[in-house]
Amino acid sequence: MAEPVVVFDNVSISYVRGVEAVSNISFRLGPREVVFLLGPNGGGKSTILRAIVGLVRPVRGIVRVFGVDVKSFREWWRVGYLPQNAATFFERMPISVGEFLRASRVVKGGLSPVEALRLVGVEYPEGILDLRIHDLSGGNLQRVMLAASLVNRPELLLLDEPTVFLDQGGVAAFMQLLERLRAEWGLSAIIATHDVAALSTLASRVICVNRGALFDGDIGELVNSEQLCNIYGFHVYLVRHGH
Ligand SMILES: Nc1ncnc2c1ncn2[C@@H]1O[C@H](COP(=O)(O)OP(=O)(O)O)[C@@H](O)[C@H]1O
Ligand SMILES: [Mg+2]
């Protein structure tokens with residue numbers, strides 16, 4: 001069996017002593033596997049992604065990245081991470097698209113700014129390279145953020161509430177991009193979202209968290225199920241996107 005890309009083994013994380021933000025979470029992410037991390041606001045999705053990049057430490061359990069305890073993992077170029085609300089950082093940073101993408105590249109074989117932008121569907125990349133990031137429109141802003149997480153051709157991609165795939169028609173294009181990167185780069189991905197309705201049935205595996213892990217399996221088993229009600233506390237229905 002190929003080595004898992006991410007392993008959570010009975011992981012609990014606290015920000016405040018005695019209060020567990022996530023409790024006893026275990027899962028494995030295999031090579032080329034894409035998982036959607038689903039759950040209500042405050043459910044612990046961002047905390048789980050932060051633990052994978054070592055920004056928060058478990059109080060119990062162990063997190064492994066590419067087989068290594070995250071505490072001693074150093075090969076961060078193998079991981080693309082887009083934090084939640086990353087774009088708000090640029091409200092205070094007068095940096096251009098080209099500068100940001102060049103600065104994000106830390107490996108020789110990484111993508112050029114134009115290559116990265118084209119990959120995420122920017123039609124005329126040359127036309128936005130010199131724009132300040134905070135001057136971009138919403139769609140292009142999201143694409144630039146996604147492009148930055150991909151410049152090093154990561155093997156593991158972590159996206160925290162990416163809205164780029166939520167606008168109309170964006171879901172299919174986003175899923176196609178993930179498919180392509182799985183095939184070409186051997187990419188694995190974890191995508192956190194609170195927006196169940198945006199999930200395509202193309203996303204085969206979902207992990208639902210609300211402090212603890214409530215469901216880990218195929219999205220087909222989750223559609224309109226009682227479990228979704230339990231997780232969200234109200235009825236939600238998944239939209240099947242045509243494909
Ligand atoms: N920096 C922090 N300090 C204290 N508590 C935090 C911090 N970040 C998150 N939390 C708490 O941890 C829990 C999980 O939050 P989070 O991982 O952001 O959930 P989600 O991403 O699913 O909305 C929430 O109860 C939240 O209030
Ligand atoms: Mg979050």
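This is a predicted model: local features need pLDDT of at least 70, side-chain atom pairs count only at pLDDT 80 or more; totals for chains, interfaces and linings use all residues.
Helix α5 covers residues 170–185. At 1.5 Å a residue, its 16 residues should span 22 Å, and the end C-alpha atoms lie 22 Å apart, so the two values agree.

Four residues of α5 are buried: V171, F174, L178 and L181. Viewed down the axis of α5, the buried residues fall within an arc of 95° and therefore line one face of the helix. An α-helix has 3.6 residues a turn, so residues three or four places apart point the same way. The cover over the buried residues of α5 includes strands β3 (34–38) and β8 (188–193). R180, A183 and E184 are exposed, on the face of α5 turned away from its buried side.

Strands β3 and β8 belong to an open sheet of six strands. Its order is β6-β7-β8-β3-β9-β10, and the pairing is mixed. β6 (79–82) and β10 (212–218) form the edges, each pairing on one side only. Neighbouring strands of this sheet are turned by 15° against each other on average, direction ignored. β6 pairs with β7 (residues 156–160) in the parallel sense, over four bridges. Here Y81 stands opposite L158 in β7.

A further open sheet has four strands in the order β2-β1-β4-β5, with antiparallel pairing. Its edges are β2 (19–29) and β5 (68–69); each has a single partner strand, so one side of each is left without a neighbour in the sheet. Strands β1 (residues 6–16) and β4 (residues 60–65) run antiparallel and are joined by five bridges. V7 stands opposite R64 in β4.

Methods: Residues are numbered from 1 along each chain as its sequence is written. Chains are lettered from A and ligands numbered from 1 in the order in which they are written. Two strands pair if DSSP finds at least two bridges between them. Helices (H or I, at least four residues) and strands (E, at least two) are DSSP runs, numbered from the N terminus. Axes are lines fitted to C-alpha atoms, for helices over the stretch in contact, and angles run from 0 to 180 degrees between N-to-C directions. The expected span of a helix is 1.5 Å times one less than its number of residues. A residue is buried if 20 or more other C-beta atoms lie within 10 Å of its own, exposed if 12 or fewer, and partly exposed in between; C-beta atoms are placed from the backbone. The arc is that of the directions from the helix axis to the C-beta atoms. Two residues are in contact if their C-beta atoms, placed from the backbone, lie within 7 Å.
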